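Work through the following exercises with the sequence and the model at hand. Each task is followed by a solution in steps.

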Amino acid sequence: MNNEDTKYQIAKERVQAIKGFYIHLTVYIAVNLLLFLVDVITSPDTLWFFWPLAGWGIAIVVQAVSVFSSGRGSVTNWEERKIRELMEKE
């Protein structure tokens, strides 16, 4: 695998991660909207839809940080540095 193939593979994996995040976000919004409607229609006195909204929301935030962080400490950068380090040793 040459340098261009490696760059292509990294870019492809990044696009897949971003696509996965947007799919996850879309499902999150749709399901929580449905839960909100069910909650308001069936038991308007007790609003319980906040719990799944908050719990799942934490997972969405963690995934967003993982996918979109480009800082020095991000997982993607660490993986790239480690790959280069191992390739230089061989």
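**Exercise 1.** Decide whether Val67 is buried or exposed, and find what Val67 touches.

Solution. Val67 has a relative accessible area of 7%. Buried means under 20%, exposed over 50%, and partly exposed in between, with a 1.4 Å probe and protein chains only. Val67 is therefore buried. The model is a predicted one: local features need pLDDT of at least 70, side-chain atom pairs count only at pLDDT 80 or more, and totals for chains, interfaces and linings use all residues. Residues are numbered from 1 along each chain as its sequence is written, and side-chain values use heavy atoms, with hydrogens and water left out.

Not counting residues up to four places away in sequence, Val67 touches Arg14, Ala17, Ile18 and Phe21; contact means heavy atoms within 4.5 Å. Gln16 is 51 residues from Val67 in sequence, yet their C-alpha atoms are 9.9 Å apart.

**Exercise 2.** Classify the ring pair of Tyr28 and Trp56, and state which helices the pair links.

Solution. Rings of Phe, Tyr and Trp (its six-membered ring) pair if their centres lie within 6.5 Å; planes under 30 degrees apart count as stacked, over 60 as edge-to-face and the rest as tilted. The structure holds six aromatic pairs. For Tyr28 and Trp56 the centres are 5.4 Å apart and the planes stand at 85 degrees, so this pair is edge-to-face. Tyr28 belongs to helix 1 (residues 3-42) and Trp56 to helix 2 (residues 50-68), 28 residues apart, and the pair thus links distant parts of the chain.

Then check accessibility. Tyr28, at 14%, counts as buried, while Trp56, at 24%, is partly exposed. Elsewhere, ring pairs join Phe21, Tyr22 and Phe68 into a cluster.

**Exercise 3.** Which residues outside its sequence neighbourhood does Asn32 contact?

Solution. Start from the position: Asn32 lies in helix 1. Its relative accessible area is 5%, so Asn32 is buried. Leaving aside neighbours within four places in sequence, the contacts of Asn32 are Pro52, Leu53 and Trp56. Trp56 is also the ring partner of Tyr28.

**Exercise 4.** Assign Val40 to a helix and to an accessibility class.

Solution. Val40 lies in helix 1. With a relative accessible area of 33%, Val40 is partly exposed.

Terms used. Helices (H or I, at least four residues) and strands (E, at least two) are DSSP runs, numbered from the N terminus.
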